[in-house]
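User: I want to learn how to read the features of a model like this one. Where do we begin?

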Amino acid sequence: MAKRLTLYITIFLFVGIGIVPVIVMFLKSLFVDGGFSLENYGTLLQSNREWTLLFNTLVLAGATTFITVLLGVPLGTLFSKTDLPFRRLFAVLFIIPLIIPSYILAVAWFYCMGRSGIVAGVLGETAGIVTSKFLFGFGGTLFVMVSALLPIVIILTMTYLRMVNQEMEEAGRLYSSWPVVLKKITLPLISPGIALGALITFILTLGEFGVPSFLRFDVYSVESFTRFSAFYDFDSATAAAVPLGIITIIVLIIERFFLRMKKFVSRAMGSEKKMAIVSLGKYKSYFLIGVSVLVSVLVVVPLCVLLYKSLSPSAYVEAFVRSTGSIMRSLLYASIGASCLVVFGFFLGYILDRKALRLSYVADSIAVFLFALPGAVIGIGLSNLWNTPGANFIYASIPIIIFGYIAQYTALGERIMAATFPHVLRSMEEAAQIAGAGWYRRVFKVLVPLVKRGMIATWLICFVFCLRDVGITMMVYPPAHDTLPVRTFTLMANSPDNVISALCMIMIMITLLPLCGLGLVRKYIA
Amino acid sequence: MWAGVGEKIYSLDLRLVLGAFCPWESAANKIKMIVKIENVYKAYNKTPVIREMSLDIGKGERVVILGPSGCGKTTLLRMIAGLIHPDKGKLVIDGQTVADNGKCIIGPESRQVGMVFQDLALWPHMTSYKNIEFGLKVQKIPKTEIRERIDTIFEKVQMVQFRNAYPGDLSGGQQQRIALARALVTRPKILLMDEPLSSLDTDLRHVLMREILRLQEELAITMIYVTHDREEAFSLATRIVVMKEEKIQKTRTAGQIKEWL
């Protein structure tokens with residue numbers, strides 16, 4: 001009884017915090033002046049601008065997905081299956097853009113390629129105009145989005161490659177060389193991972209607000225935000241958000257009916273057999289040069305530009321003066337958010353893995369839908385629902401931001417925990433039950449100790465995602481509750497470059513800090 | 001079970017164990033050698049998995065490598081296949097040196113060996129037909145010949161009706177037959193089998209052992225079979241190589257070992 005009650009309460013809390021605001025927002029947009037009306041949607045369909053926005057959004061998401069897969073799969077393969085020198089270092093470098101807000105990369109490239117950027121300083125004003133034209137538009141937005149989301153495809157490719165049954169590749173090696181085996185056997189075997197990477201890249205680009213907003217490329221998430229924040233037009237903002245919701249649902253349906261059917265035989269993670277390593281032979285130096293150039297362009301250059309721009313003690317002093325409160329709030333909110341997400345992730349992951357309730361797939365579908373939904377849309381929904389005098393204690397304080405994090409990122413915690421629970425045999429829990437332990441005792445004395453590593457991983461990943469969040473926080477943060485990414489974003493218009501660069505560097509450092517901490521204490525929690 | 005067998009085998013007369021009396025040697029000299037392993041050594045992270053091993057295998061033989069888990073028998077098989085390379089020593093297949101002192105001279109794709117893996121390693125994204133076709137296509141064999149060879153092998157393994165089935169839709173025994181067909185269709189010089197029946201129930205194992213024997217005799221192919229199962233070894237082998245602690249303990253015909261036991 002206690003078990004069912006706890007699990008049902010978790011689901012209802014999650015539904016209440018996450019999906020109810022979105023549904024209420026959608027329903028409200030169907031009523032104009034107290035009566036049912038499709039006026040908001042009529043306006044939407046008749047406007048040419050809306051079709052342009054839809055086109056821009058889909059083309060940006062499609063092109064980003066295509067290029068990240070095109071680059072990410074070979075890179076992931078090089079890092080995990082070959083003897084490329086420094087492959088671990090390369091993998092770490094490529095992953096850095098994922099843990100920092102993507103607009104920081106846009107800022108770095110602006111300092112580099114803007115009209116008065118480094119390129120203009122070196123090559124002259126004309127060159128600056130050309131590079132600036134490229135940056136502020138489709139090309140620049142696409143370039144930054146690719147560098148920001150490339151790590152997703154790289155990580156998934158590496159993860160799925162580790163799960164491929166080595167004997168399947170060896171069976172192919174008896175007949176053909178490695179390139180043929182990789183093309184005909186290994187890549188088809190990891191195709192679900194590649195498809196998942198493509199799907200995540202597509203939906204994250206769809207919902208990206210920071211980069212297109214900074215680089216002035218018109219897409220739906222920016223439009224929705226502008227209508228909400230500039231014109232304070234809830235209904236119109238909602239109507240503008242609906243196409244994103246519909247595209248998200250279509251993409252998720254494809255995932256449910258296509259991707260999940262493709263489950264290939266693979267070995268478990270941590271299998272004793274080592275992965276077969278492909279020797280690059282005489283091509284090693286060519287690959288090394290190619291990867292070095294790519295990592296320099298996509299990661300090292302923007303980071304070095306920020307570092308170079310911020311290289312003065314006064315910039316850091318001013319950055320700290322202007323943002324000490326935001327830094328502390330960022331760390332506090334991300335910590336609270338990550339802790340809440342661990343709790344939700346623990347119980348929802350348990351429900352999903354053990355099929356503990358009939359509602360398991362419903363809760364999972366809602367979590368995944370909300371993760372895929374642009375943060376701006378969730379933010380509008382939350383503001384819409386909680387912006388009433390009676391709920392001021394939520395709307396005007398920390399809970400509204402935490403609710404946003406829970407709504408958007410519960411899927412992360414749920415899926416990580418659901419992947420952790422299979423390592424705890426059901427019989428372990430049952431043995432405690434037979435010994436007379438109640439549900440809570442089983443949770444705290446058996447389950448939690450056995451899945452603590454998964455919980456720590458969940459906390460860290462959720463912490464990073466909460467810390468870098470812009471989409472939701474920008475929409476819902478109450479006065480004097482801004483976080484560092486939001487503070488940096490709002491200061492960009494009227495602050496010196498070196499202060500903004502220093503803020504970006506601080507942001508990168510506080511994101512990397514807990515990950516470095518994990519590296520230090522890893523052996524103690526193993 | 002193995003410990004008991006081991007004790008009996010290893011307590012045999014030293015003369016026999018060390019090869020002072022070895023009827024196989026004289027017979028071996030008369031037939032053509034297809035595999036010659038000379039002083040092969042292999043280590044992982046400085047831990048030896050094969051120590052100074054030498055073994056000759058004649059054409060058409062059915063050699064079973066018998067030994068407990070971790071004695072290096074699978075490593076030996078994978079070295080013959082070319083999937084790993086010896087750190088020291090020499091490996092000759094059909095008169096050609098394929099690996100010499102840590103250097104791979106001929107890769108697995110050119111050694112003309114077929115292999116049935118322990119967990120079969122059927123490619124789940126390909127149908128039975130495509131699984132079997134893969135090796136032939138890579139070898140650029142004409143399409144008509146590919147079709148003929150696949151039709152023949154499907155008949156030989158009695159799986160004609162499962163041409164378009166995916167591995168996931170087949171039973172363990174059926175998967176086994178497809179794996180065997182895939183290994184044989186390229187007409188390899190040597191068929192390597194790495195405990196292929198270990199996951200099957202006893203009845204099915206007996207049926208498939210008979211099938212393997214029939215096919216090996218029909219095709220007159222050299223077979224090297226790795227197992228830890230005594231019964232399998234006695235049923236299949238013309239010669240048994242007993243391995244223990246990373247080395248060959250003895251080499252005997254199946255008849256001799258039965259007799260001694």
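Analyst: Begin with pairing: two strands pair if DSSP finds at least two bridges between them. Helices (H or I, at least four residues) and strands (E, at least two) are DSSP runs, numbered from the N terminus. Here, strand 7 of chain B and strand 8 (residues 190-194) of chain B run parallel, joined by four bridges. Met193(B) in strand 8 of chain B is the bridge partner of Val116(B).

User: What should I know about the model and its numbering?

Analyst: This is a predicted model: local features need pLDDT of at least 70, side-chain atom pairs count only at pLDDT 80 or more, and totals for chains, interfaces and linings use all residues. Residues are numbered from 1 along each chain as its sequence is written, while chains are lettered from A and ligands numbered from 1 in the order in which they are written.

User: What pLDDT does chain A average?

Analyst: pLDDT is the predictor's confidence in each residue, from 0 to 100. Chain A averages 86, and 95% of the residues score at least 70. Over residues 268-272 of chain A, pLDDT stays under 50.

User: In what order do the strands of the open sheet in chain B lie?

Analyst: The order is 7-8-9-3-10-11, six strands with mixed pairing. Strand 7 (113-116) and strand 11 (247-252) of chain B are the edges, each pairing on one side only.

User: Which strands of chain B form a hairpin?

Analyst: Strand 1 and strand 2 of chain B do, with two residues between them. Asn45(B) in the turn has a positive phi of about 50°. Eight bridges join strand 1 (residues 33-44) to strand 2 (residues 47-58) of chain B, and the two run antiparallel. Lys36(B) stands opposite Asp56(B) in strand 2 of chain B.

User: At what angle do helix 5 and helix 7 of chain A cross?

Analyst: Axes are lines fitted to C-alpha atoms, for helices over the stretch in contact, and angles run from 0 to 180 degrees between N-to-C directions. Angles under 35 degrees count as roughly parallel, over 145 as roughly antiparallel, 65 to 115 as roughly perpendicular and the rest as oblique. Helix 5 (residues 102-113) and helix 7 (residues 125-135) of chain A cross at roughly 160°, their axes coming within 9 Å. Helix 5 and helix 7 of chain A are therefore roughly antiparallel.

User: How many residues does each chain give to the contact between chains A and B?

Analyst: Residues are in contact if their C-beta atoms, placed from the backbone, lie within 7 Å. Chain A gives 17 residues and chain B 18 residues. Helix 9 (166-173) and helix 10 (178-189) of chain A each give two or more residues to the chain A side.

Definitions and conventions: Contact = placed C-beta atoms within 7 Å.
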